[in-house]
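Please work through the exercises below with the sequence and the 3D structure open beside you. Try each task before reading its solution.

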Amino acid sequence: MGALFRGKDPQDVSFNCYLAPDAGILPKVTVSQVYIQVLHFSHEANLMQKENQHSNENPGEFSIEKASLTAEFFETLLMNANVWIAFLDPKGSIVVWNTAAEEISGYTAGEVRGSNDIWKKLYPDPEYRKVVTEKINDAILNRQKLEHFETTILSKERVKKQISWNTREILDQNNETLGYIAMGRDISEIVSLGTKFRTLLMNANVWVAFLDSQTHIEVWNNAAEEISGYTADEVTGSNDVWKKLYPDPEYRKSVTDKILDIIANKKDIENFESKIISKDRSQKIISWNTRELKNGDGNTLGYIMIGRDITTEKKLHAEMIEYIGESAMRLKNPVEVIKYNMDEMIKRLEKGECTTEDLILQIKIQTKNAEQIVENLHELNRAVSLVFEDMPPELKRFLSE
Amino acid sequence: MDLPFNEDNEGMIYLVLSEPRNLRKKNIEVIKEITDKGFTAIVISTNDPYSVLRKDYLKGGINLENVHFIDAITKYAIGKESEGAVNCTFVNNPSNLTDMGIAVTELLKHIEGDNVWVILDSVNSMLIYISSVNLTKFIHFITSKLKILDISGVLLAVENGIDPSTLAQLEGFVDGIIKSEE
């Protein structure tokens, strides 16, 4: 004897199945029959792909007799599925509570079956529970399924967990409600990782922006706000901020052309420098690294832009070059001056044109010149040590002595 | 060397560039040319002391009555002025631009009415003691003063001894650049 079950959605496939001896709380439908619906629902919800392989191959022709699968098989399958599976009767009382449900919630099937009190324990905050319940009731009323509905539960061990729910109403062949299936996936770790990643991204000390495929800004981290002066609220959802950052239309065009050219050649942008005007009208130099992000089908998801404010670095570099030029002028040539002065003094001595007094004076003058040149050199060394911070300590010490 | 003397006595300032080994020789040539034309020369020296320059000028046949010295190196080197110095103002330190400026101003007042040339020897020896920023400020001050008073001047410098940006600024203060042919 078999029973035919068909979900409301015409995509659902009907099954033939055995009546299991233990009808349990459901007089009209067997636990095994529920399992089959659950099995198929779980396949649609893409939650149990491995377990549904057989039904994937023959979705329209699946029958227990042909597959030689028993109700016990399905029971084992569903009870041991690695996702939370709960079946509720039309009044909302728990009928099925699988092992994963026990593990995630901390409540055994024995503690929860036969009532709907469990939800008060899982959602102890009445306000929050009301929000969740309203969402679910709304779906029920409109006879719609809920997919990827995320809630935060409090397990028996008082641990908060994030659950992603897929729920659906189960109907019999007369379109009468048999009950409701709820499948939950514990995404706590994913959310935690996601939160950690987002925290990392938002607090990175470089400008991070994510643009969608239309180049509208989706993500604008704290460093982007700090450097540009524009908050995430001001920029997300559009690409207008670039007109503000590059107010000169010609310069903006040259920057855009360069970026588009690189992207058109399917290259990533590396260390591309541009000058922006921040909100406080100050000019900053940014070094950009940009990459196009694609999905598995090769379609553009968007663009990630990482910018480093190198304004100070550039300024220091320019100052260093200027300083080196100045120092060369104040070191190289003065040494030559000393040399020629001494040469001149030697010639005078040789000719007898130089008195001892003159000689002493000239030597003292050149000594003073040399002292000053040494001081100038020390100054240069100190400047070099400051700019080149990664210089070995022993070299720094040598330069400063 | 032929300095372009202006018969209308309009003050002109020149940057004279020389090889380092010829700098003293160029100094003597310039002073001789100026004094031979009947002008009075004020020599600001941060390179050679009064006593050496005086002997060189005498040896070169220069009439020292027409030469006034501003010696910014002797007192710095030996801590005192040269004894028996004539027509010489001593500045205690080559980096003391204020005193140097005052000395020039006072001398110009003192010899007002005469045709005067002011010679700075040399830009490069000044750079031992002061930065290019302060040097250009000082030279701007001196050249501006000379132009107001219609007084001509010569800045002696070593060719290829000044960086391009400093040279560009100096070129802006002078009316012409004369490069030594030697």
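This is a predicted model: local features need pLDDT of at least 70, side-chain atom pairs count only at pLDDT 80 or more; totals for chains, interfaces and linings use all residues.

Residues are numbered from 1 along each chain as its sequence is written, chains are lettered from A and ligands numbered from 1 in the order in which they are written, and side-chain values use heavy atoms, with hydrogens and water left out.

**Exercise 1.** Describe how helix H14 and helix H15 of chain A pack.

Solution. Begin with the setting: chain A has 16 helices and 10 strands, where helices (H or I, at least four residues) and strands (E, at least two) are DSSP runs numbered from the N terminus. Of the 401 residues of chain A, 41% count as buried, buried meaning under 20% relative accessible area, exposed over 50% and partly exposed in between (1.4 Å probe, protein chains only). Next, take the geometry: H14(A), residues 311-351, and H15(A), residues 356-387, have axes 10 Å apart and pack at an angle of about 160°. Axes here are lines fitted to C-alpha atoms, for helices over the stretch in contact, and angles run from 0 to 180 degrees between N-to-C directions. H14(A) is therefore roughly antiparallel to H15(A), since angles over 145 degrees count as roughly antiparallel, under 35 as roughly parallel, 65 to 115 as roughly perpendicular and the rest as oblique. Finally, the contact of H14(A) with H15(A) has 18 nonpolar, seven polar and three charged residues; Ala, Val, Leu, Ile, Met, Phe, Trp, Tyr, Cys and Pro count as nonpolar, Asp, Glu, Lys and Arg as charged, and the others, Gly among them, as polar.

**Exercise 2.** Work out how H1 and H2 of chain B are oriented, and which residues make their contact.

Solution. The axes of H1(B), residues 23-36, and H2(B), residues 50-59, come within 10 Å and cross at roughly 60°. That angle makes H1(B) oblique to H2(B). From H1(B), the contact (heavy atoms within 4.5 Å) is made by B:Arg24, B:Asn27, B:Ile28 and B:Ile31, and from H2(B) by B:Val52, B:Leu53, B:Asp56 and B:Tyr57. Sorted by class, these comprise five nonpolar, one polar and two charged residues.

**Exercise 3.** Find the buried residues of helix H4 of chain B and what they pack against.

Solution. H4(B), residues 97-110, has 14 residues and reaches 20 Å from its first C-alpha to its last, close to the 20 Å expected at 1.5 Å a residue. Its buried residues are B:Leu97, B:Met100, B:Gly101, B:Ala103, B:Val104, B:Thr105, B:Leu107 and B:Leu108. Their packing partners in chain B are strands S2 (40-45), S3 (67-71), S4 (88-90) and S5 (116-121), together with helices H5 (123-129) and H6 (132-148).

**Exercise 4.** Locate A:Arg281 and decide whether A:Arg281 is buried or exposed.

Solution. A:Arg281 sits in the loop between strand S8 (269-277) and strand S9 (283-294) of chain A. Its phi is near 75°, a positive value in a residue other than glycine. A:Arg281 is exposed, with a relative accessible area of 58%.

Notes. The expected span of a helix is 1.5 Å times one less than its number of residues.
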